[in-house]
Amino acid sequence: MDTTRDDDLLAALPTLSRRFGLGEVRDQQFLAHGLMNRNWRLETAAGMYSLKEITDVPLPKVRRNLAVLVDLAHEGIPVPAPLPADGGDLVVEIGGHGYCVLPWVDGEHVQGTDLSLGQVHDLGALLARLHEGLRRHGPGPLPESAPAAKVRDVAEADQAAAALLIRLPAEPVTDFDKAAIEALHDRRGLLARSAVARPEGEVPTGPYGWTHGDFQYRNLLCQDGRVVAVLDWDRLGIRPYGEEVARTAQVQFGVGGVFDLDRIAAFCSGYRSVIDLSEADLADAVKRLWWKRVTDFWQLEFHLDRQDPAFGEMFLTDEALLHWWTDRADEVQAAFAAR
């Protein structure tokens, strides 16, 4: 842990407590699992809270996003409504750092495959309710058409794979390097075979609006299989609804190199019970997500740039899922089409 930054927090706590009306801070616990911003659990005279030091997002954007949570919470959507400081500001700046405070919510992060089919159906319905709430309380107007999304071409992706092969050892020693080299060669073959399946155009079909941007188990707190808090709103933005449905389903139910097709069907059925997303629009979103996975290598790039083995393991696991998905594309599309 960065002790200098910890000292900054300790120095700021009396002011934060006064500005947010927390009273005496009896205990603070650093939460080491955060990947971007820094978080603490505070025990105070006023109750239990989550304190976030904002490091990865511009403060005006954080203020915009936090204001949305206030409106969503008033509608009964399970989001933690931020505390206003004196004067109504949702972010307090001290010593060059920005801080916000939210009520502490007890719960656990549950992988999608550990939920029952009924709970998965409810999760899909919750995402749709969230989209409806953001339609009413989004932070700004929508453009006349969905934002364009780059569709990478085969030549560019193949060049990226070739560049990564150069960065790996010519005579690999570790099991990971051997597996990564084999995976890159396999991917180049998949790219060559899949060129005819490249999605047409850069504007996805279907309804669009404000979306969470990272709706998945790492940002959901559950109690007894029910979501009690949707966390981490840093990626709030305008996207096709189908894009978020497809991405969430992949992260939630693409585990161990395969898709849980029954749970994808239950999730999409739950979503479509609230928002009537057409089969064609979902199919377009799923195909675009598949193509994005075929043509990007971000996990391996992160692994090599940061020397973080977690990203390397993610690359190999998702590589297995990609080939499984490609071989069963019709089955996957049928699962997403479920009502």
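At 7% relative accessibility, Q250 counts as buried (under 20% relative accessible area, with exposed over 50% and partly exposed in between, using a 1.4 Å probe and protein chains only). This is a predicted model, in which local features need pLDDT of at least 70 and side-chain atom pairs count only at pLDDT 80 or more, while totals for chains, interfaces and linings use all residues. Residues are numbered from 1 along each chain as its sequence is written, and side-chain values use heavy atoms, leaving out hydrogens and water.

Q250 sits in helix α6 (helices are DSSP runs of H or I with at least four residues, numbered from the N terminus). Setting aside neighbours within four places in sequence, Q250 is in contact with F259, L289, R293, D318, L321 and W325, where contact means heavy atoms within 4.5 Å.

Now follow α6 (residues 241–253) to helix α3 (residues 117–137): their axes come within 12 Å and cross at roughly 150° (lines fitted to C-alpha atoms over the stretch in contact, with angles from 0 to 180 degrees between N-to-C directions). Among the residues that meet here are L123, L127 and H131 in α3 and V245, T248 and Q252 in α6.

Let's turn to α4. The buried residues of α4 are A157, A160, A161, L164 and L165. Seen down the axis of α4, these residues fall within an arc of 140°, so they line one face of the helix (the arc is that of the directions from the helix axis to the C-beta atoms). They pack against α5 (175–194), α8 (279–295) and α9 (298–306). The face of α4 turned away from the buried side carries the exposed residues Q159 and I166.

Key: Helices (H or I, at least four residues) and strands (E, at least two) are DSSP runs, numbered from the N terminus.
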